[in-house]
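Subject: Structure handover and notes

Dear colleague,

Please read them with the model open beside you.

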Amino acid sequence: MDLGIAGTNALVCASSKGLGKACAKTLAAEGANVWICARHADELERAAAEIGEACGGTVSAVVADVTTDEGREALLAACPAPDILVNNAGGPPPGDFRDWRQQEWFDAVNANMYSSIDMIRRCLDGMIERRFGRIVNITSVAVKLPVKPLGLSNGARAGLTGFISGIAREPAQYNVTINNLLPGYVATDRMWSVVDAGARAAGQEPESFRESFFNAVGAKRPGEPAEFGAVCAFLCSRHAAYITAQNILMDGGLYPGTF
Ligand SMILES: NC(=O)c1ccc[n+]([C@@H]2O[C@H](COP(=O)([O-])OP(=O)(O)OC[C@H]3O[C@@H](n4cnc5c(N)ncnc54)[C@H](OP(=O)(O)O)[C@@H]3O)[C@@H](O)[C@H]2O)c1
C-alpha cells in the first residue's frame, strides 16, 4: 500500500534510537522528509546516516532536548511546517511513589505530558491551514494497564491521554488527526532496562525472568521496533484520515480487557 506521504515533512521527537527511530525510519522509507532529534549528538548523527542509507530521502538531525522550550524552538526552527508530528520523550525512572516529591512529578509531567502538548500547540494551526496533519503521541500500555513501579509514567501519560481526547476531534474536519500509540513491550534499550529492573526486584536471574515475563504476552515475545514504526506510519498516512482521538495498543495481546 502506498501511504501517500512522499514529500511530506515529518518531525519525529526523541528518535536517535528505539521507538522514535523506528517511526522515523518507516516514514523515511515512505518518502517523507524526516527530522529526528535527541540530546546526544553522536548517536543522533549515526541514526540519521543509518536511516538515510537504508531508506533514502532527506534525513535531518537536530540536537535538542524536547522537554525544554529551547529544544522545541530549535526543532521548529529546523522544520517550521511539519505535516507529520510524532511526539516522544524518554520515560521516567521506576520506583516507589513514597520516594517521589514535587520535582520528580514535575519532571515526569513535563517530559511525558507537557512537552507533547506544547509541540501540538506549536504545530496544529499550521496543519489546519494546510489541510493536512497527522499527530501521533507515543504513550504507553501503562495508560490502560498501570505498571506498578512506573507510577510516574502511569500518572503523566494518563494526563496527556485525557487532554488529547479533549482536542483531537475538532481538527479532523481539516484532515488533521491526533492519535496515541501505546507500546506494550517493544524491544528497545528502555524496554530491556525496565524488564531487567523487574528481574532484580523479583530476585530472579534476567534470563528466566524474561522467559516467564514474555510468556504472559499473547504473542509470547517482545514487539519489534519496526512493527511499531509501521503502525505509526499507517496512522500518519493519507488513508488514516478517519482515525482520530484513538488510543491504539501495540502490545502483542498483553492487555487482557475487551475494550
Ligand atoms: N519500548 C517500550 O516497550 C515502551 C513501552 C512503553 C512506553 N515506552 C515509552 O516510549 C518512549 C520511547 O521509549 P524507547 O523504548 O524508544 O526508549 P529508548 O530506546 O531509551 O530511546 C529513547 C530515545 O529518546 C531520546 N530522548 C530521550 N529523552 C529525550 C529528550 N529529553 N529530548 C530529546 N530526545 C530524548 C534518546 O536520545 P538521547 O538520550 O540522546 O536524548 C533516544 O533516542 C519512552 O517514553 C518510553 O517510556 C516504551
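**Domains and overall layout**

The protein is divided into domain 1 (9-186 + 224-250) and domain 2 (187-222), with bounds that come from an automatic or database domain assignment. Please bear in mind that this is a predicted model, in which local features need pLDDT of at least 70 and side-chain atom pairs count only at pLDDT 80 or more, while totals for chains, interfaces and linings use all residues. Residues are numbered from 1 along each chain as its sequence is written.

The C-alpha centres of domain 1 and domain 2 lie 25 Å apart. The contact between them takes 10 residues from domain 1 and nine residues from domain 2, where two residues are in contact if their C-beta atoms, placed from the backbone, lie within 7 Å. On the side of domain 1 that touches domain 2, the residues divide into five nonpolar, three polar and two charged; here Ala, Val, Leu, Ile, Met, Phe, Trp, Tyr, Cys and Pro count as nonpolar, Asp, Glu, Lys and Arg as charged, and the others, Gly among them, as polar.

**Around the ligand**

There are 28 residues around the ligand, of which Ala-14, Gly-18, Gly-90, Gly-91 and Arg-190 come nearest; a residue is near a molecule or strand if its C-beta atom, placed from the backbone, lies within 6 Å of it. Two or more residues of this shell are given by each of helix 1 (18-29), strand 2 (33-38) and helix 6 (189-202), where helices (H or I, at least four residues) and strands (E, at least two) are DSSP runs, numbered from the N terminus. Both domains take part, since the shell draws at least three residues from each of domain 1 and domain 2. By class, the shell has 11 nonpolar, 11 polar and six charged residues.

**The parallel strands and their crossovers**

Strand 2 is joined to strand 3 (residues 59-63) by five bridges, and the two run parallel; strands pair if DSSP finds at least two bridges between them. Within this pair, Val-34 stands opposite Val-59 in strand 3. Together with helix 2 (residues 41-55), strand 2 and strand 3 make a right-handed β-α-β unit, in the sense that, with the strands pointing away from the viewer, the path from the first strand over the helix to the second runs clockwise.

Strand 5 (residues 133-138) is mostly covered, as six of its six residues are buried, a residue being buried if 20 or more other C-beta atoms lie within 10 Å of its own, exposed if 12 or fewer, and partly exposed in between, with C-beta atoms placed from the backbone. In a regular strand the side chains alternate between the two faces of the sheet. In strand 5, Gly-133, Ile-135 and Asn-137 point one way and Arg-134, Val-136 and Ile-138 the other way, and all are buried.

Strand 5 runs parallel to strand 4 (residues 84-87), to which it is joined by four bridges. The chain passes from strand 4 through helix 4 (residues 102-130) to strand 5 in a right-handed β-α-β crossover. Strand 5 also pairs in the parallel sense with strand 6 (residues 176-183), over six bridges, and Ile-135 stands opposite Ile-178 in strand 6. From strand 5 the chain crosses through helix 5 (residues 151-167) to strand 6, and this β-α-β crossover is right-handed.

**Individual residues**

Val-136, in strand 5, is buried because 25 other C-beta atoms lie within 10 Å. Not counting residues up to four places away in sequence, Val-136 touches Val-86, Asn-179, Leu-181, Cys-232, Leu-235 and Cys-236, and Val-86 is also the residue that stands opposite Val-136 in the strand pairing.

Most residues other than glycine have a negative phi, and most peptide bonds are trans. Arg-131, in the loop between helix 4 and strand 5, has a positive phi near 60°, and counts as exposed because it has 10 C-beta neighbours inside 10 Å. Asn-175, in the loop between helix 5 and strand 6, has a positive phi of about 65° although it is not a glycine, and is partly exposed, with 16 other C-beta atoms within 10 Å.

In helix 7 (residues 206-215) lies Phe-213, which is in contact with Val-195 and Gly-198 once neighbours within four places in sequence are left aside.

With best regards
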